[in-house]
Amino acid sequence: MRVKRDSGRTQVLDSIRNSGPIARIEIAEATGFSPATVTAITAEFLQAGLIVEMPLESPAPVEQKQGQARRGRPRVLLRLNGAAHVVAGLNVAHRSICVQLTDFAGSDIAEFEMPLAQPCMAADTLGHMILMAVAQSCDRAGIPIQSLSAIGVGIAGQINTETGFVHWSPSLKARNVALGPQLQAIAPCPVFIGNDANLVAKAEHLFGKAQGIDDFLVVTIEHGVGLGIVLGGRLYSGLRGCGAELGHIKVEFDGAPCQCGQRGCLEAYVGEYAILRAAQAENDAYDDVQQVFAAADAGDAAARKVLARARHMLATGIASLLNIFDPQLIILAGTRSTIAHLYDDALHKDITGMAVKVDAPLPPIEPHHWAGALWAKGAAAYAIEGVAQLTIRDLAQSPV
Ligand SMILES: [Zn+2]
């Protein structure tokens with residue numbers, strides 16, 4: 001489900017989330033709202049339990065007035081109330097579902113990983129797997145599943161976050177599945193579903209390398225290749241939720257077959273499945289991509305050729321992103337071994353050769369090795385945002 005944002009209250013809550021503990025007057029300065037408006041909104045948040053007042057900061061300096069000492073008014077600081085809600089964030093990966101339980105302030109409570117017997121399932125099977133993973137993680141953490149306030153789900157593919165409709169996902173056998181509503185029908189609390197790369201971008205913004213940066217891109221490389229676009233501090237995913245599909249831009253006419261059903265897509269050369277497939281064409285003894293990486297490290301010429309081609313295709317995609325967006329930062333996110341075998345000086349040189357030439361350095365391109373649970377943390381951040389918006393919607397009887 002998706003809740004329309006109430007911008008006034010949302011800005012105040014974002015200000016407390018990003019800068020808290022924070023005084024009301026500082027919120028007014030950060031948002032441009034009057035102190036009276038900030039006082040009214042924070043009073044609502046206090047009553048709803050979303051925020052708490054901190055124990056008083058040290059008293060303000062003593063002021064001298066007409067020879068008499070007078071104590072200044074002590075400052076009261078506000079912060080999020082972590083205990084307000086518990087949420088579950090899930091990342092549906094190729095071989096497992098990772099779950100991260102957090103409180104409303106984003107502090108970790110527990111993480112859990114449930115293996116999947118098969119990577120591609122019928123929608124009702126995947127729905128039950130997701131709920132089973134949530135139930136097992138709550139069980140392990142000693143938290144009743146009924147006490148969850150929201151569930152956030154990150155999944156690869158093209159997802160309309162407004163409706164929870166999945167146009168296509170490598171995790172689902174069928175196309176055009178109303179996965180969000182199906183999950184909502186069996187879940188004990190509101191469910192928010194989104195593209196996994198978008199949720200990684202959200203996690204980078206809130207907890208990772210992009211804190212304080214408002215225009216950045218995250219390229220995710222694992223089984224497939226994804227992209228998260230944050231512009232002006234907001235995720236951009238397109239009209240139908242089908243934007244940011246870097247993995248499916250065409251890098252070769254009539255090229256290698258892609259898991260999306262088309263040919264010549266970027267991820268048909270760069271995704272882990274594609275690297276393995278290309279290496280198997282040279283040597284059918286490979287069972288998984290780690291063996292290809294090990295062979296390349298040992299100097300195997302065929303494995304190195306496969307990785308060099310993947311690196312060149314990745315450079316083509318990243319140079320296109322630079323040429324279109326000119327962002328403050330590009331993050332390459334993925335598992336350690338995959339990023340380590342694609343991110344090197346040759347990649348940089350290739351990107352530099354294809355980026356538009358100006359007399360200024362390229363924006364930084366930085367690798368970030370996310371563990372599985374941290375992808376799930378992006379989904380938890382999405383659930384926190386969702387539950388906050390639901391509460392704000394209930395508060396919003398009059399616009400601020
Ligand atoms: Zn494709």
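Predicted model: local features only at pLDDT ≥ 70, side-chain atom pairs only at ≥ 80, totals over all residues.
1. **Strand 14.** Start with strand 14, residues 225–231. Six of its seven residues are buried, so the strand is largely enclosed by the rest of the structure.

2. **Pairing with strand 13.** Strand 13 covers residues 216–221 and runs antiparallel to strand 14, with six bridges between them. The two make a hairpin, and three residues separate them.

3. **Pairing with strand 15.** Strand 14 also pairs with strand 15, residues 234–236. The sense is again antiparallel, over three bridges. Leu-231 has Arg-234 of strand 15 as its bridge partner. This hairpin has two residues between its strands. One of them to inspect is Gly-232, where phi is positive, near 60 degrees.

4. **Helices 1 and 2.** Helix 1 spans residues 7–19 and helix 2 spans residues 24–31. Their axes come within 10 Å and cross at roughly 115 degrees. The crossing is right-handed. On the helix 1 side, the contact is made by Gln-11, Val-12, Ser-15 and Ile-16. Helix 2 contributes Ile-27, Ala-30 and Thr-31. By class, that contact holds four nonpolar and three polar residues, with no charged ones.

5. **Cysteines.** A disulfide is a covalent bond between the sulfur atoms of two cysteines. For Cys-120, the nearest cysteine sulfur belongs to Cys-258, and it is 13 Å away. The cut-off for a disulfide is 2.5 Å between sulfur atoms. Is Cys-120 buried or partly exposed? Cys-120 has 26% relative accessibility, so it counts as partly exposed. Cys-258 has 8%, and therefore counts as buried.

6. **Positive phi at Asn-176.** Most residues other than glycine have a negative phi. Asn-176 has a positive value, near 55 degrees. Where does Asn-176 lie? It sits in the loop between strand 11 (165–168) and helix 5 (179–186).

7. **Positive phi at Asp-326.** Asp-326 is not a glycine either, yet its phi is positive, about 45 degrees. The residue is placed in the loop that joins helix 10 (301–325) and strand 16 (329–334). Its relative accessibility is 58%, so Asp-326 counts as exposed.

How values were computed:
Residues numbered from 1 in each chain as written. Heavy atoms only, no water. Buried < 20%, exposed > 50% of the residue type's maximum accessible area, 1.4 Å probe, protein only. Helix = DSSP H or I, 4+ residues; strand = E, 2+ residues; numbered from the N terminus. Pairing = 2+ DSSP bridges. Axes fitted to C-alpha atoms, helices over the stretch in contact; angles between N-to-C directions. Left-handed = near helix turned anticlockwise from the far one by under 90°. Contact = heavy atoms within 4.5 Å. Nonpolar A, V, L, I, M, F, W, Y, C, P; charged D, E, K, R; others polar.
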